[in-house]
Amino acid sequence: MKSLYGKFVLMTALIMLFSTLFGFLLTNTYYHRVMKERNDQKNVEIAKTITNHIEQTPPLDLREYLTTIGGIGYQLYIVDENGKSAFYGGKYRVKNLEKSAIDNVLQGEVYHGMRDFPRETFVTGFFANEMSNTIGVPFKYGSKQYALFMRPDIKLLFSEIHTMMGGMVIATALFSLLAMLFVAKMLIVPITQLTGATKRIASENYDVELNIDRKDEIGQLAASFTTMMEQLQENDKIRKEFISNVSHDFQSPLLNIQGYAGLLKADHLSDDDRKNYAAIIQSETSRLSRLTRQLLLLTSLDQSSRPVKFKDYRLDEQLKACINKYRWWLEEEHIHLHLTMEPTMYRGDEALFENVWDNLITNAIKYNRPKGEIRVSLERTEHGIEVIVQDTGIGISKAEQAQLFNRFYRADASRTKEGTGLGLSIVKQIIELHKGEIQVKSTLDEGTMFTIKLPNL
């Protein structure tokens with residue numbers, strides 16, 4: 001069977017079958033090991049009570065008395081010393097009592113046929129309606145010696161209550177089976193829905209609604225599946241936007257390069273125009289080179305193809321070296337720089353963090369105001385290391401702050417300035433690789449502050 005429901009039905013039937021068989025074998029073993037001898041002894045005591053009554057209550061009509069005993073639920077076989085015999089009560093199915101057993105009882109011995117009855121696998125001795133499966137006791141009636149062989153009449157012992165109990169067991173088993181099948185169906189239905197939803201998602205159809213309102217493990221699975229589906233949908237949207245943005249960001253400088261390269265072919269072109277066109281081409285190629293490097297870095301971070309190389313180094317010296325690279329730019333824009341740093345050893349990837357400081361420092365310069373300020377602080381706290389880069393630039397609106405770390409996101413035209421929209425995304429990913437976090441606070445026309453918190457690794 002290929003379906004889960006079919007397998008469940010089959011397994012349920014097999015479990016019930018083997019459970020019944022195991023229960024029967026266990027009961028049968030218990031009877032042979034424990035109950036068999038007890039049953040034999042109990043019937044011996046009953047038989048002795050009957051024979052004692054015969055011997056101690058003369059005169060007694062033996063035939064009438066034995067007929068009464070047989071009528072209340074016993075199968076009796078009487079043999080006298082002359083070999084004359086009679087049956088009372090229910091009939092025996094198999095008359096296989098050996099003559100030696102009869103002779104031994106006539107001589108005063110007790111016959112333990114129930115106790116010594118051969119062990120049977122599927123039919124216990126309790127139900128074997130055979131003369132050898134009896135107990136035998138001697139007694140005297142008048143001047144003759146008799147042997148009484150007796151066993152309970154199983155058919156008469158099963159009363160209405162036994163029938164009711166048997167019917168209840170059968171009804172319970174059937175009801176349990178039907179209930180299990182119903183429950184199995186209820187379990188399979190949401191799994192079937194999940195299977196269908198999985199097939200639709202495999203076809204990139206994310207418009208799937210699961211009507212599974214449960215609190216059990218299947219409900220948790222459905223909730224996790226819905227979360228996964230939403231994430232896949234978001235990832236698909238990001239992927240398509242990423243491809244569109246990459247295509248656009250490559251296409252624009254390529255078109256500019258192609259256009260100005262064509263203009264450079266003109267015969268009557270002044271030296272100033274030629275220099276301007278060449279400068280534009282150089283700027284666009286630099287932009288393409290920067291974009292390519294950032295894409296390669298972002299891809300390596302996504303795919304973990306570049307393992308993080310942890311080592312101890314002076315974080316304050318790295319920050320100062322990065323700032324020194326852009327001293328010319330600070331002076332050109334007349335931006336005042338304030339540094340507050342303490343000697344700090346940090347264990348991290350030095351090469352990756354160079355990208356972080358480059359992005360944050362260049363952004364602070366690029367989006368600042370002439371004669372503005374940049375404050376950079378580095379201090380060790382009880383939880384780790386905190387770096388703050390703050391500028392007095394144009395600021396970022398609340399709406400833009402929510403998307404600031406998204407790939408290819410660029411705010412309004414005043415903030416583009418040849419950016420790729422990948423820098424802050426790379427910054428955030430590098431910091432998260434080091435188990436840190438980055439926060440931004442900004443007010444329009446007042447400035448922006450980035451706070452980086454790094455734990456001690």
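Seven bridges, written 7 in the count, join strand β10 (residues 384-391) to β12, and the two strands run antiparallel. Strands pair if DSSP finds at least two bridges between them; helices (H or I, at least four residues) and strands (E, at least two) are DSSP runs, numbered from the N terminus.

Before I continue, a word on the basis of this talk. Residues are numbered from 1 along each chain as its sequence is written, and this is a predicted model, in which local features need pLDDT of at least 70, side-chain atom pairs count only at pLDDT 80 or more, and totals for chains, interfaces and linings use all residues. Side-chain values use heavy atoms, with hydrogens and water left out.

pLDDT is the predictor's confidence in each residue, from 0 to 100. The protein has a mean pLDDT of 83, and 89% of its residues reach 70 or more. Over residues 412-417, however, the pLDDT is below 50, and this stretch has 12 contacts in the model beyond near neighbours in sequence, a contact being heavy atoms within 4.5 Å. Where pLDDT is low, the predicted coordinates should not be read in detail.

How much of β12 is buried? Of the 9 residues in the strand (447-455), 7 are buried, where buried means under 20% relative accessible area, exposed means over 50%, and partly exposed lies in between (1.4 Å probe, protein chains only).

The hairpin of β11 and β12 has 3 residues between the strands. D445 lies in that loop, and its phi is near 65 degrees, a positive value in a residue other than glycine. With a relative accessible area of 59%, D445 is exposed.

The strands β9 and β10 run antiparallel and are joined by 8 bridges, with I385 in β10 as the bridge partner of R380. A hairpin through 2 residues connects β9 to β10. Strand β9 (residues 373-381) pairs in the parallel sense with β7 (residues 336-341) over 6 bridges, and L337 has I374 in β9 as its bridge partner.

The loop between α10 (350-366) and β9 contains K371. Phi of K371 is also positive, near 65 degrees, in a residue other than glycine. K371 counts as exposed, at 64% relative accessibility.

I turn now to helix α3. Which residues of α3 (residues 99-106) are buried? They are A101, I102, V105 and L106. Seen down the helix axis, these buried residues fall within an arc of 135 degrees, so they line one face of α3; the arc is that of the directions from the helix axis to the C-beta atoms. An α-helix has 3.6 residues a turn, so residues three or four places apart point the same way. The cover over the buried residues of α3 includes β1 (74-80), β3 (111-112), β4 (135-141) and β5 (144-152). Just after the helix, G108 takes a positive phi of about 110 degrees.

Next, the aromatic rings. Rings of Phe, Tyr and Trp (its six-membered ring) pair if their centres lie within 6.5 Å; planes under 30 degrees apart count as stacked, over 60 as edge-to-face, and the rest as tilted. By this rule there are 12 aromatic pairs. One of them is Y111 with F149, an edge-to-face pair at 5.8 Å centre to centre with 70 degrees between the planes. This pair links distant parts of the chain, Y111 in strand β3 and F149 in strand β5, 38 residues apart. Both Y111 and F149 are buried.

The rings of Y346 and F353 have centres 5.6 Å apart and planes at 90 degrees, so this pair is edge-to-face. Y346 counts as buried at 2% relative accessibility, and F353 is buried at 0%.

Ring pairs also link Y77, F87, Y92, Y111 and F149 into a cluster. The charged end of K95 sits over the ring of F87, 4.6 Å from its centre; the criterion is NZ of Lys or CZ of Arg within 6 Å of the ring centre and within 35 degrees of the ring normal.

Finally, I mention Q429, in helix α12 (residues 423-433). Q429 is buried, with a relative accessible area of 17%. The C-alpha atoms of Q429 and L301 are separated by 7.5 Å, although the two residues are 128 residues apart along the chain.
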